[in-house]
Amino acid sequence: MPNEALIVVDMQNDFCEGGALAVVGANAIVPLVNRLISRHDHVVLTQDWHPPRHASFVTSREDAVAFSSVPFPYGPQTLWPPHCVQGTPGAEFHPDLVTVKAEMIVRKGFHQGIDSYSAFRENDRMTRTGLDGYLKARGFSRVVICGLALDYCVAWTAIDARQAGFDVAVVLEATAAINLDGSRKRMLTEMRQGGIDLTATA
Ligand code: VGL
Ligand code: ZN
């Protein structure tokens, strides 16, 4: 479909097996993501891209516990193990991911004090990445989303895409979830209520 773009979210080494923030099942979806890429005319990749002492890293503060939630100026923020540090192997795309068709690569999470799950708006919900304008300038009206992690970057990207006026589908079998404190179920409900088409398979 000429008006449709595939957004492949954060298929990076640190979210895959052996990575700093490995998501269970991440490696298994690589072939499914590649099949989606092969079936789409227009592909956008996102890349989590943090500075070495990013504010969301548990190591950036004293006495902090990984995966706990702490107040940030913009609201509650989960603290993560350091991951996807700019220029490191962990921030590279999974070696088997077919990236050659990507027409656009959106990097996010590079502001020192702001995390960014969504590829559209950072966690302060104010700072914009420019992806909305890019997709609209290209004439896309529908996005199909897959990748990592379903309950964080995929979900927030989908919710913001819908809010920006796109038709949105998430291909569940080409995603894997972190599932922290029931986040998978919670975000599936949020997406469904937000008018996002959750499809099991491509
Ligand atoms: C992600 C947590 C921290 C994701 C990125 O890609 O879902 N999750 N940074
Ligand atoms: Zn991150």
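A: To start with a term, donors are N, O and S atoms within 2.8 Å of the metal (3.2 Å for Na, K and Ca), and water is not among the atoms, so sites may look incomplete. This is a predicted model where local features need pLDDT of at least 70 and side-chain atom pairs count only at pLDDT 80 or more, while totals for chains, interfaces and linings use all residues. Residues are numbered from 1 along each chain as written, ligands are numbered from 1 in the order they are written, and side-chain values use heavy atoms, leaving out hydrogens and water.

Q: OK, which protein donors does the zinc ion (ligand 2) have?
A: Asp 48 through OD, plus His 50 and His 83, each through NE2; they lie 2.0 to 2.2 Å from the zinc ion.

Q: What spacing do those donors follow along the chain?
A: D-x1-H-x32-H. Strands here are DSSP E runs of at least two residues, helices are H or I runs of at least four, and both are numbered from the N terminus.

Q: Is Asp 48 buried or exposed?
A: Buried, because its relative accessibility is 3%. The cut-offs are under 20% for buried and over 50% for exposed, with partly exposed in between (1.4 Å probe, protein chains only). His 83 is buried too, also at 3%.

Q: What about Gln 47, buried or exposed?
A: Gln 47 sits in strand 2 and counts as buried at 3%. Beyond its neighbours within four places in sequence, Gln 47 is in contact (heavy atoms within 4.5 Å) with residues including Asp 10, Phe 93 and Arg 107.

Q: Switching topic, how many disulfides turn up?
A: Zero in the whole structure, counting cysteine sulfur pairs within 2.5 Å. For Cys 84, the nearest cysteine sulfur belongs to Cys 153, 8.8 Å away. Cys 84 is buried at 0%, and Cys 153 is buried at 6%.

Q: Now the largest nonpolar core: which residues have the most contacts inside it?
A: Leu 135, Leu 148 and Met 191, in a core of 61 residues. A core joins buried Ala, Val, Leu, Ile, Met, Phe, Trp, Tyr and Cys through side-chain atoms within 4.5 Å.

Q: Which element gives the most to this core?
A: Helix 3 (150-163), with eight residues. Strand 1 (4-9), strand 2 and helix 4 (183-193) are among the others giving two or more.

Q: And what does Leu 135 contact?
A: Away from its sequence neighbours within four places, Leu 135 touches Ala 5, Ile 7, Val 44, Phe 120, Phe 140, Val 143 and Phe 166. Another core, of five residues, lies apart from the largest one, with Val 58, Val 70, Phe 72 and Leu 79 among them.
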